[in-house]
Amino acid sequence: TVFFGEVGLAGEVRAVGHVEARLKEARKLGFQRAIMPSAGKDWPLGVALDELPRLADLLRVMGGGPPARKLAR
């Protein structure tokens, strides 16, 4: 699993640039799942995507719980 995003002072996870390039590289490196802030669109790049709107959701995901919301597969 690869994680990316920018964490704000209030714990929100913000979008970062070059999402498509990041996902392509993650797939090339063998990652099958990406956890990222809401991207606002589906990225059909062969990587399962999970939305992560807040840092608290990351802690739940790392603890084995489900992410806040599933994006496209």
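With which residue does Glu 6 form a salt bridge? In this predicted model, the partner of Glu 6 is Arg 14, and the closest N and O atoms of the pair are 3.0 Å apart. This contact is one of 5 salt bridges in the structure. Arg 14 also meets the side chain of Glu 12 in a salt bridge, with an N to O distance of 2.8 Å.

An α-helix has 3.6 residues a turn, so residues three or four places apart point the same way. Lys 28 counts as exposed because its relative accessibility is 64%, whereas Glu 25, with a relative accessible area of 36%, is partly exposed.

The overall fold was examined next. The chain contains 2 helices and 6 strands, which follow the order β-β-β-α-β-β-α-β along the sequence. Of the 73 residues in the chain, 33% are buried. The accessible surface of the chain amounts to about 4,500 Å², and carbon and sulfur atoms account for 56% of this area. Among contacts between residues at least 6 apart in sequence, 38% join residues at least 24 apart.

Strand pairing was found between β4 (residues 33-36) and β5, which run parallel and are joined by 4 bridges. Within this pairing, Ile 35 has Asp 50 of β5 as its bridge partner. Strand β5 (residues 48-51) is covered on both faces. Ala 48 and Asp 50 are buried on one side of the strand, and Leu 49 and Glu 51 are buried on the other.

In soluble globular proteins, nonpolar side chains tend to be buried together. The largest nonpolar core of the model comprises 9 residues, namely Val 2, Phe 4, Val 19, Leu 23, Ala 26, Ala 34, Met 36, Val 47 and Leu 49. Two or more residues of this core are given by α1 and by β4, and α1 gives the most, with 3 residues. Another core, of 5 residues, lies apart from it and includes Val 13, Ile 35, Leu 58 and Val 61.

The arrangement of buried residues around each helix was also considered. In α1, the buried residues are Val 19, Leu 23 and Ala 26. These residues lie on the same side of α1 because they cover an arc of only 60 degrees around the axis. The elements that cover them include β1 (2-3), β4 and β5. Just after α1, Gly 30 adopts a positive phi of about 100 degrees.

In helix α2 (residues 55-62), the buried residues are Asp 57, Leu 58 and Val 61. Viewed down the axis of α2, its buried residues fall within an arc of 105 degrees, so they line one face of the helix. Ala 56 and Leu 59 are exposed on the other side of α2. The cover over the buried residues of α2 includes β1 and β4. Strands β1 and β4 are likewise among the elements that cover the buried residues of α1.

Conventions: Residues are numbered from 1 along each chain as its sequence is written. This is a predicted model: local features need pLDDT of at least 70, side-chain atom pairs count only at pLDDT 80 or more; totals for chains, interfaces and linings use all residues. Side-chain values use heavy atoms; hydrogens and water are left out. A salt bridge is a side-chain nitrogen of Lys or Arg within 4 Å of a carboxyl oxygen of Asp or Glu. Buried means under 20% relative accessible area, exposed over 50%, partly exposed in between (1.4 Å probe, protein chains only). Two strands pair if DSSP finds at least two bridges between them. A nonpolar core is a set of buried Ala, Val, Leu, Ile, Met, Phe, Trp, Tyr and Cys residues joined through side-chain atoms within 4.5 Å. Contact means heavy atoms within 4.5 Å. Accessible areas come from the Shrake-Rupley method with a 1.4 Å probe; for residues, only the protein chains shown count as cover. The arc is that of the directions from the helix axis to the C-beta atoms.
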